[in-house]
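Please read them alongside the coordinates.

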Amino acid sequence: MKKTTSRRRRALPPLLAASAAAALLAACAGPAAPAGGGASGPAADQAPAPGGTLRIASLQSDLDALDPLTGYSTDSWEIIRALTRQLVTYPGSTTDIKDDTTLVPDLAESWEVSKDGKTYTFHLRDNIRYSGSSTREIVAGDFVYAIKRFCDPNKQVAAINYFKLAFSGFADYCEEFAKVPAGDPAKSKAFIDSHDIAGVSAPDDKTLVLRSDTKNYDFLSILSMNFVSPLPEEVVSKYVGDSLEFRKNYPSSGPYQIASYEPGRSLVLKKVPGYDHAGDPARKAYVDEIVVDFTANSEDAVVQKIQSGDADLSLYLDVPPLSTIQRYQASNSPYLHSSDSGAANFITFNARPEATSPGAQALRKLKVRQALAYAVNKANLVQAQGGKIAAKPLGQIITSTILGHEDFDPYPTPGDAGDPAKARRLLAEAGYPDGLKLDAVYRVNAQFETIAVTLKADLAKAGIELNLIPVPPAQSSAYLQDPKSRWDVFLSGSFAPDWQGPSTRMLLGGWLNSDAAPCGTGNVHAICYDNPKLNKLAAKAFASDDPGPIWAEADRLVSADLPWIPLFEKRKVAITSERVRNWTWSSLATQADITNIAVVPAR
Amino acid sequence: MSDLLTEKTYGGEEAVRRFPAVRAVLAERSVRAGLVLVGLVVLAALLAPVAAALTGHGPDQQFRAEALSENGLPIGPSATFPLGADGNGRDVLVRTLYGARISLLVGVPATTLALVAGTAVGLVAGFFPGRTDRLLSLGTDVALSFPFVVTALSLVALNRGGDGEPVVDPVLLVILVIALFSWTYFARLTRGLVVVLRNRPFVEAAVSIGVSRRRLIVREILPNVLPVVAVYWAVQLPVNILAEATLSFLGVGVQAPTASWGNMIAEAQRTSLYQVQPWFLLGPGIAMFVTVLGFNAIGSGIRSVLDPQG
């Protein structure tokens, strides 16, 4: 459930009209004149030149996380990628996010898998060292320490369910660790030093053995997430997790180290002197310096910095403003990048047994859910997102970048514009000839409010009246989880895949699988879906060598049953300055890969 | 001097004296101009359904095919959409007119409530130095130190009953919350004025002839304070109209898709759509400007007529 950071917009920008006019003039001057010194064209396929400074304008005034243990937003993952390395990783893709699915060796040079597929033995590279607050060699024991930190009651790893399934003995270890009182780092350290996880061990400094109870086809993908980064215990145990002190004394295992860090002002990353490029096949680390500027606090300011060349990339900017996208599109700018991201939005239902309102009960009938699926005008929602470049209609559970995807829509309507007449007919058949009233909760931010008011207008045409109940983002998951809360539908359901490709586990094997996520607290959005056929297919897929067709079958089965109403798949849109070369998408960050982007050197 | 004052202020025929005051106020040009402006805004709010009928556009109705481009950008002013459309394809003119209702309904009562409460507290604090003043000033400081957003959020949570329905009418809650956060400015302003007035000769004169405290406050101090406070009321009004938008965005009070000026301005800024469709921002912006200008003109006109020092 990796978060895409919600948008924050404030304040009127000065001068933007002027810069817009300037941009327009520049666009009219001719087809995208080459900007940088020497380059024959921005998209020219020549080897990117190393050196220079990559400048990033951040919409938020600080990073939400920098500790690989707790970072679980696409934006924190973008920065953490420059500061950490994993056992295996994705090298980035210059074409599309979904193409970045080939795992390459990272800190592990090679590995063996046991015959039963349950035990992985990793051999670490030679000549790998930390930089920053520690400069010693990275050893296998550092991974063991990092994994043991996962269930520290003071600061738990953000996606713990993956690891409960992945490592033998992990769940038992965490159960013991939960008994350690929070608030005292010394007690946590004592526990970590005196307890072991059965499935995680380091026989010597160069060998790491990871063992699962079951075979999992996506085991390596789970390890590619930033959580599994080596950390030196002698440094990390001195600080409270992810505190400012920790961030300033960051032990980096990646190609960059923190040179200076001032929340609200800037974060400066400098390339590690003498970095061993041969030993890092995934991160080319072209630029010498990466500077994150935290001073722009409105979307307009961020976009303006990029357009004027004061910044090269944005951070925490979910989508550039529609007007900006249009300007780049109109001038056919090569500095506008868009890609399928696999992220999706949908409407979920209050399916927990305690929900007995007329609306919630009506939604337990398949025909009512089908009526809802036909009533929704997906074309309108796509338009509200910014049109084709930003979204596309979706009618199934699995999105286009994920393993098992076979494009289909069990409830198609002409032009995806909905079919109110058909919806009314289905409602009448289900026993609601006079229409239906539903309490509809949505998260209050610009994007979700637009979706909510558009759905209200469109569903009314089919006789479905939505009573909109706004809930502040910070309270929304608590509101949905509280059995006493009054709601029938949640209009702001969304997800982004944790990694591209074989991440089907997240939805069909997780959120919707009642074996993995039984109804109760922890069941995302109170979806409470229970389908024994799906559970059986998921169990079969986990251990399979060819899970694609199994997931496709599960998708056909579940999508027709409508555990939620899919609305649209979001595309990632990014704008850059004219200095950026070798634009690269990162699967994990679902946006720019700052360790593979180059800039035109300053003249 | 004291004779003159006594006669002027405490002479019996009040009714006769008041009428000329009203007439004098009405004779003031800025007051008349202000009344016309405010009257226009009220009229526009009342006639909103007429505009909706004429254009055929409901305030919450979306015209995505007609008023938005394929990638969601709103159109500018045209024959069918006199002020263009907003980001959801709704008519900006119709929404501005409907928005006047909510904005006036929330902004005027909230600001007035704040004025009454704040002036009362300020009068008492300023007039009774020592413990009373210290306690009330401390209370004002405490109220000032409450964070607006956090308090508002906790009020939302408290206002949600067991069945998920709000306990208090959201509009009333918004009025109360806004008043709760703006009375302090009136209190401080009034207290400062009263502290100065307290030691002025005419007050001492009234005290020396044995006028009761209550009468002193109502008859001597208040007339000197009210004109200033009335002008400040007009200054605080737009701030409070915008505060309503902040509250809406937090999920308290006036809810989407209902239009209010604050909501519309906030939406235009949030989405940056005013860059392609400036009228999305200018529509409610100009309406708010006219309202504030009108109330300001009335306030300053009243002041120049009534202020004993003016």
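1. Of the 126 residues in the largest nonpolar core, Ile79(A) and Phe163(A) touch the most other members; a core here is a set of buried Ala, Val, Leu, Ile, Met, Phe, Trp, Tyr and Cys residues joined through side-chain atoms within 4.5 Å, where buried means under 20% relative accessible area (1.4 Å probe, protein chains only). This is a predicted model, in which local features need pLDDT of at least 70 and side-chain atom pairs count only at pLDDT 80 or more, whereas totals for chains, interfaces and linings use all residues. Residues are numbered from 1 along each chain as its sequence is written, chains are lettered from A in the order in which they are written, and side-chain values use heavy atoms, with hydrogens and water left out.

2. Leaving aside residues up to four places away in sequence, Ile79(A) touches Ile56(A), Leu63(A), Leu66(A), Leu267(A), Leu269(A), Val292(A), Leu315(A) and Ile594(A). A second, separate core has 46 residues, including Leu123(B), Val203(B), Val211(B) and Tyr274(B).

3. As to the interface, 38 residues of chain A are in contact (heavy atoms within 4.5 Å) with 32 residues of chain B. The area buried between the two chains (accessible area, 1.4 Å probe, lost on being put together and summed over both) is about 2900 Å², and carbon and sulfur atoms give 51% of that area.

4. The rule finds one salt bridge across this interface, a salt bridge being a side-chain nitrogen of Lys or Arg within 4 Å of a carboxyl oxygen of Asp or Glu. Glu70(B) pairs in this way with Lys388(A), with the closest N and O atoms 3.4 Å apart.

Notes:
Buried means under 20% relative accessible area, exposed over 50%, partly exposed in between (1.4 Å probe, protein chains only).
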